[in-house]
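Me: I have a model open here and would like to talk it through. Could you take me through the parts as I ask about them?

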Amino acid sequence: MKNNLLKIFTKGLFIENPVFILMLGLCSVLAVSVSVINALGMTLAFTFVIVLSELTISLIRNWIPKTLRIPIFIVIIASFVTILQFLLQAYLPALNKSLGIFIPLIVVNCIIIGRIESFASKRPVVESILDGLGISLGYGIAIVLIAVVREILGSGSILGIQLFGSSFQPALMFILPPGAFLVIGIEIGALNAFMKKYNKKVCSR
Amino acid sequence: MSRYVITASPHIRNKVNTVFLMNTVSISLLPAAMGGIFIFGWKNTLPVILVSIVSAILSEGLLQKMLKMPLTWFDGSAALTGFLLALTCPPGIPIWLPVVGTIFAIFSKQVFGGLGQNPFNPALIGRAFMVLSFPVYMTSWMKPFSMVTSSTPLALYAENGGMKSVLAFFQGNVPAMYKSMFLGIRGGSIGEVFIPGLLLGLVVLLLTKTIKWQIPVSYLGTVFLLSWLFGMDPVFSILSGGVMFGAFFMATDYVTSPMLPKNQLIYGFGCGLLNVLIRVFANMPEGTTFAILLMNVVTPILDRKIKKPVGYIVDGAK
């Protein structure tokens with residue numbers, strides 16, 4: 001039982017990493033990973049919404065009619081996103097400003113809908129919370145890995161601290177959209193190569 | 001029931017191979033390069049060209065070694081990429097810039113599987129990367145025969161409002177403008193300014209049958225007509241910027257341009273159309289790089305129309 005719960009938590013990290021393996025919700029990942037701070041903020045916002053939505057839907061899963069499930073999911077996710085946005089506006093206005101439109105867009109993030117549809121609407125509460133936490137940790141790892149590369153190459157800094165002297169010329173392309181696609185592509189390729197080499201089990205799926 | 005054995009092409013080989021083709025293109029670039037070296041001074045241009053070629057060859061070798069591919073770093077294609085990239089750079093840029101650009105260019109080729117598999121012209125990818133990443137260096141131009149910075153005729157057109165400011169720059173003298181633009185006495189990239197050299201290169205390419213006339217003619221013709229429609233001086237339009245360089249040496253790249261003559265005409269038209277649209281409506285003075293790169297994407301779709309050649313297996317064969 002305990003082993004099973006641990007498995008639910010850890011599968012979001014690599015085997016079913018929402019960004020690198022399932023390749024869901026890439027729009028916000030590509031747009032927000034300009035700096036590590038933004039990436040961390042987005043991860044927090046994402047965790048808040050996915051965990052609470054999975055919890056709520058898992059609680060009421062036996063009362064949701066099958067034909068109406070998607071609208072119900074959306075209403076619940078949208079409520080949590082609205083709460084999140086009010087909280088951010090009140091306590092972290094700077095983060096709210098730098099994430100901008102991508103906070104309201106969490107409503108239609110396909111990772112969240114996907115996890116709810118395939119997991120939380122069928123499983124008990126504890127498992128759903130663990131799934132939400134695991135998926136958001138995997139999301140966080142992916143988006144921070146992308147953001148680290150983009151911020152170092154594109155701004156020459158990390159978490160806003162300049163790493164190099166003033167003679168260093170950052171390659172601006174990495175904080176523009178093409179750089180985002182480039183970095184995510186190379187990281188997915190590197191992860192696949194790594195998995196091929198060290199985890200035959202994952203590959204043979 | 002008989003069975004037909006069909007072998008894949010090529011069936012006949014001649015002496016023309018990659019090395020020969022690449023070296024022909026490199027040699028035909030020499031007049032334009034020498035013109036650029038003469039106009040902007042060897043100190044500002046020669047190091048850029050040499051460093052670019054050497055770093056292209058080295059990064060090809062290193063990448064092929066890392067990716068465990070067959071080593072083809074001396075087949076002339078990497079050297080040509082480096083040479084082309086250097087000729088699209090402004091004179092007097094810092095030496096590390098072409099190094100970064102060629103590494104990226106070669107990477108963009110090898111990551112798709114090497115020469116023949118690359119969807120984009122590597123030299124142009126390198127240039128696009130440099131323009132997007134280091135715009136300050138890639139848009140500071142040099143006045144001919146001096147170390148003073150100046151802007152290109154196209155930048156004058158884009159920033160200060162049309163032909164009027166270009167003409168004012170040449171004191172309103174239209175023949176003088178044509179003459180100095182033709183001879184390359186203007187701000188611009190190392191290889192693009194000396195038009196007689198580019199034309200000589202084109203003649204060499206056409207005489208050796210390295211390229212066909214379709215792409216350059218339809219590209220330049222489209223630019224000429226469309227610029228005229230949009231109220232630009234058409235002669236100025238094809239003499240300025242990198243249109244000629246792009247039409248002769250970049251758009252005609254074998255790997256990234258269509259194979260059938262009809263498709264080559266469409267491809268050249270697309271390049272010209274995008275080029276003029278970027279010049280007139282986008283917030284960039286010149287659009288050759290991005291026009292050709294965008295048409296590179298269309299090439300596989302155009303090529304799909306080619307009918308497969310003779311040879312079908314008859315029904316009933318085992």
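**An exposed loop residue**

Reply: K68(B) counts as exposed because it has 6 C-beta neighbours inside 10 Å, where exposed stands for 12 or fewer other C-beta atoms within 10 Å, buried for 20 or more, and partly exposed for anything in between, with C-beta atoms placed from the backbone. This is a predicted model, in which local features need pLDDT of at least 70 and side-chain atom pairs count only at pLDDT 80 or more, while totals for chains, interfaces and linings use all residues. Residues are numbered from 1 along each chain as its sequence is written, and chains are lettered from A and ligands numbered from 1 in the order in which they are written.

Me: Where is K68(B) found?

Reply: K68(B) is in the loop between α2 (42-66) and α3 (77-87) of chain B, where helices are DSSP runs of H or I with at least four residues and strands are runs of E with at least two, numbered from the N terminus. The phi of K68(B) is positive, about 55 degrees, although the residue is not a glycine. Most residues other than glycine have a negative phi.

Me: And what is phi of M23(A) near?

Reply: Phi of M23(A) is near 55 degrees, a positive value in a residue other than glycine. M23(A) lies in the loop between α1 (2-10) and α2 (26-32) of chain A, and counts as partly exposed because it has 13 C-beta neighbours inside 10 Å.

Me: Stepping back, what does the secondary structure of chain A come to?

Reply: Chain A has 9 helices and 2 strands, running α-α-α-α-α-α-α-β-β-α-α from the N terminus. Of its 205 residues, 34% count as buried.

Me: What does the secondary structure of chain B come to?

Reply: Chain B has 15 helices and 2 strands. Its radius of gyration is 21 Å, close to the 20 Å that the globule rule gives for 318 residues, so chain B is as compact as a globular protein of that length; the radius is taken over C-alpha atoms, and the rule is 2.2 Å times the number of residues to the power 0.38. Buried residues make up 46% of the 318 residues in chain B.

Me: Which residues is F129(B) in contact with, leaving aside its neighbours within four places in sequence?

Reply: With those neighbours left aside, F129(B) is in contact with M173(A), G101(B) and F104(B). F129(B) is found in helix α5 of chain B and counts as buried because it has 24 C-beta neighbours inside 10 Å.

Technical notes: Contact = placed C-beta atoms within 7 Å.
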